[in-house]
Amino acid sequence: MASRTPLVAGNWKMNFDHLEATYFVQKLAWLLRDAHFDFRRCEVALMPAFTALRSVQVLVEADDLKIRYGAQAVSVTSQGAFTGDVSADMLSRLGCSYVIVGHSERRKYHPEDDANIVDQVRAVLAAGMRPILCVGESFEERRQGIELEFAVGQVHDVTRDLSDEDAAKLIVAYEPVWAIGTGMVATPDSAQQAAHAIRGSIREQFGPAVANGMRILYGGSVTSRNASQLIEGADVDGFLVGGASLDADEYAKICRLA
Ligand code: PEP
């Protein structure tokens, strides 16, 4: 953990228009400044809807904020007749650092299968950003006791053809589907076990340097009440936060606990 800078990334999903996003970023920046937050010790990112990205960029650049930002999804193609899609290059030109890939809501509501997720990861990497790859079991897989194999398998499906150099840029978010937006949070032990298993499989595939450098986040009903226990896991390097990232006071508290 010592060599990895924690990351707290807020997934706003389909919330906040560009004005609400601007207000939120100003408030968060003020709260963190007021708390003497050290951005060298923990990275803070926000993932707004596409429509708010430009406003966030303008604000971050104008006020020289250390808050990073990114997108929640990306097209696998670079340009052309793909109505409604947004390319990785468009996102990187807006100053995005990260793109969430394979979120369970995208896997559920959009035709995002493993092959498409691999292509999104490649598109994000090729555009110079970092993918935050979401994996995690459903309640049924947990009931069967196969949650670790399942999450590790999802990571492996994406990483198996990556070069060491690309794998080193990947961030994994372990997000058990049953914990997302439900208020049911994984125990610190089970979040740690999953992160440990994922890191172990990355070590087997890419060796210790890539494995030890990879950030593995936990996501699923993280709040300021459970963040400090969850981050105690040696392999848990921060959080992907949904609901609690919509409240600037609460999100700032989580950032301070990470
Ligand atoms: C998410 O959607 O990535 C997430 C973790 O949501 P929540 O924190 O609301 O469970």
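In which loop is Lys-13 found? Select Lys-13 and you'll see that it sits in the loop between β1 (7-11) and α1 (18-34). Those names come from DSSP runs, numbered from the N terminus: helices are H or I runs of at least four residues, and strands are E runs of at least two. Residues themselves are numbered from 1 along each chain as its sequence is written. You're looking at a predicted model, where local features need pLDDT of at least 70 and side-chain atom pairs count only at pLDDT 80 or more, while totals for chains, interfaces and linings use all residues.

Now jump to Ser-221, in the loop between β7 (215-219) and α11 (227-230). Here too phi is positive, at about 60 degrees, and Ser-221 is not a glycine. Is Ser-221 buried or exposed? Ser-221 counts as buried, because it has 20 C-beta neighbours inside 10 Å.

**The barrel**

Next, colour the strands. Eight of them form a closed barrel, in the order β1-β2-β3-β4-β5-β6-β7-β8, with parallel pairing (two strands pair if DSSP finds at least two bridges between them). From one strand to the next, the twist averages 25 degrees. Zoom in on β6 (residues 171-174), which runs parallel to β7 and is joined to it by four bridges. Pick out Val-172 there and look across: it stands opposite Ile-216 in β7.

**Two helices together**

Now select α1 and α2 (residues 50-62). Their axes are 8 Å apart and they pack at an angle of about 35 degrees (axes are lines fitted to C-alpha atoms over the stretch in contact, and angles run from 0 to 180 degrees between N-to-C directions). Among the residues making the contact are Ala-21 and Val-25 of α1 and Ala-52 and Leu-59 of α2 (contact means C-beta atoms, placed from the backbone, within 7 Å). The contact residues divide into five nonpolar, five polar and no charged.

**Last stop: the ligand**

Finally, click on the ligand. Which of the 13 residues around the ligand come nearest? They are Ile-180, Gly-181, Gly-219, Gly-242 and Gly-243, where being near takes a C-beta atom, placed from the backbone, within 6 Å.

Terms used: A residue is buried if 20 or more other C-beta atoms lie within 10 Å of its own, exposed if 12 or fewer, and partly exposed in between; C-beta atoms are placed from the backbone. Two residues are in contact if their C-beta atoms, placed from the backbone, lie within 7 Å. Ala, Val, Leu, Ile, Met, Phe, Trp, Tyr, Cys and Pro count as nonpolar, Asp, Glu, Lys and Arg as charged, and the others, Gly among them, as polar.
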